Amino acid sequence: MRMDFLPAAVLMAWLINNIGVTLLNKAAFATVDFKYPFMLTSVHMLCNSVGTQCYQAWKRRDELKLPSTASEEQEALVAGSRGGKRRFTPKQMKAILAYSVVFSLNIAIGNVSLRHVSVNFNQVMRSLVPAITLGVGLLQGKAFSLYRRYSVGVVVLGVACACYGDMTYSSVGFIVTVSCVFLAAAKVIASGEMLTGELKMHPVDLLSQMAPLALLQCSLFSLITGEMSSIASRWTTDLSPFVNPQPFVVVLLSGIASFTLNISSLYANKLTSPLTLCIAANVKQVIMIAASTILFETPISFLNGLGILIVLSGSFWYSYLSLMEKLQSGN
């Protein structure tokens with residue numbers, strides 16, 4: 001039987017890009033003193049907008065034509081990847097707008113959360129995203145085997161152990177972080193619905209529609225929070241690329257990496273499932289913990305190490321069960 005390695009390859013690309021963006025964002029905030037999360041996200045969305053246009057322009061060079069018998073879904077997929085103009089109904093445009101709002105709020109609330117709670121507490125709470133995704137799936141009538149539910153519980157427990165440490169948080173921080181977790185789950189679920197639901201949008205098509213809207217929203221957040229005025233006051237001293245090119249280079253590289261991350265994320269969501277992507281996100285968290293331990297000689301306790309092993313074991317268990325169930329169902 002021929003194995004299809006495309007989903008695994010896309011997940012690996014998503015994982016590498018996710019780690020890259022995380023490291024570049026940390027470099028922007030800590031190394032080059034660009035402490036403007038909303039403006040950084042605006043740059044990300046600008047790169048995504050330009051990136052999708054360049055990708056679609058490149059695809060238009062392909063002279064492959066659709067057969068006359070092509071279905072509407074095939075036409076939509078090709079239009080999305082090659083830059084064709086696809087017309088949306090008012091209802092569909094509202095769905096795209098709603099998705100962009102969820103996307104922007106997920107980033108905004110996530111940044112607010114980190115201002116009120118410790119990083120470890122934030123990561124532990126984010127480990128609950130797979131459980132929330134599974135719960136929403138059950139409410140929607142989707143079937144998950146008992147063993148797959150157990151495997152998600154194992155992953156959540158493992159991440160809690162791996163991230164256990166400074167669990168400092170305030171009541172406001174707790175509420176904000178819980179909201180952040182639900183928004184993260186909503187974003188993943190909404191992506192899956194728009195890619196495989198009624199719209200059946202191509203990943204590039206979805207990103208090209210969503211990025212400009214998110215750019216406007218994040219720019220508004222940056223203006224309201226005073227980031228833009230702060231950047232303007234520092235522009236001639238240490239933020240202009242002609243005076244100090246380091247911040248500009250780091251932020252630009254972070255924006256480019258965010259484009260490749262979003263493309264791989266949307267493809268991974270389409271080729272796998274929202275729950276699988278959430279599991280992969282937990283694995284990314286563990287890899288980041290291991291990388292920081294090696295690179296920065298961060299001390300790690302026995303409980304943290306045990307948690308890493310539990311997450312990896314739980315993720316393998318979930319992936320194995322998912323594959324076996326697909327084979328048994330004939331998919």
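Q: Why is Ala 28 called buried?
A: Ala 28 has a relative accessible area of 0%, and buried means under 20%, exposed over 50% and partly exposed in between, with a 1.4 Å probe and protein chains only, so Ala 28 counts as buried. The model is predicted, with local features needing pLDDT of at least 70 and side-chain atom pairs pLDDT 80 or more, while totals for chains, interfaces and linings use all residues. Residues are numbered from 1 along each chain as its sequence is written, and side-chain values use heavy atoms, leaving out hydrogens and water.

Q: Where is Ala 28 placed, and how far is Ala 28 from Val 249 in sequence and in space?
A: Ala 28 sits in helix α1, helices being DSSP runs (H or I, at least four residues; strands are E, at least two) numbered from the N terminus. Between Ala 28 and Val 249 there are 9.5 Å from C-alpha to C-alpha, although the two are 221 residues apart in sequence.

Q: What makes α1 and α11 roughly parallel or roughly antiparallel to each other?
A: The axes of α1 (residues 6–31) and α11 (residues 245–271) come within 8 Å and cross at roughly 150°, an angle taken between N-to-C directions of lines fitted to C-alpha atoms over the stretch in contact, on a scale from 0 to 180 degrees. Angles under 35 degrees count as roughly parallel, over 145 as roughly antiparallel, 65 to 115 as roughly perpendicular and the rest as oblique, and α1 and α11 are therefore roughly antiparallel. Their crossing is left-handed, a term for a near helix turned anticlockwise from the far one by less than a right angle, clockwise being right-handed.

Q: Which classes of residue make up the contact of α1 with α11?
A: This contact of α1 with α11 has 17 nonpolar, eight polar and no charged residues.

Q: How do you know that α9 is oblique to α11?
A: Helices α9 and α11 pack at about 130° with their axes 9 Å apart, and that angle makes α9 oblique to α11. The crossing of α9 and α11 is right-handed.

Q: What makes α2 and α9 roughly parallel or roughly antiparallel to each other?
A: Helices α2 and α9 pack at an angle of about 155°, with their axes 8 Å apart, and they are therefore roughly antiparallel. The crossing of α2 and α9 is left-handed, and the residues of their contact divide into 14 nonpolar, nine polar and one charged.

Q: Which residues have the most contacts inside the largest nonpolar core?
A: They are Met 194, Met 201, Leu 206 and Met 210, in a core of 18 residues, a core being buried Ala, Val, Leu, Ile, Met, Phe, Trp, Tyr and Cys residues joined through side-chain atoms within 4.5 Å. Helices α4 (90–116), α8 (171–196), α9 (203–224) and α11 each supply at least two residues of this core, and its largest share, six residues, comes from α9.

Q: Why is Asp 33 called partly exposed?
A: Asp 33 has a relative accessible area of 34%, and it is therefore partly exposed. Asp 33 lies in the loop between α1 and α2 (37–59), where its phi is positive, about 60°, although it is not a glycine.

Technical notes
Nonpolar A, V, L, I, M, F, W, Y, C, P; charged D, E, K, R; others polar.
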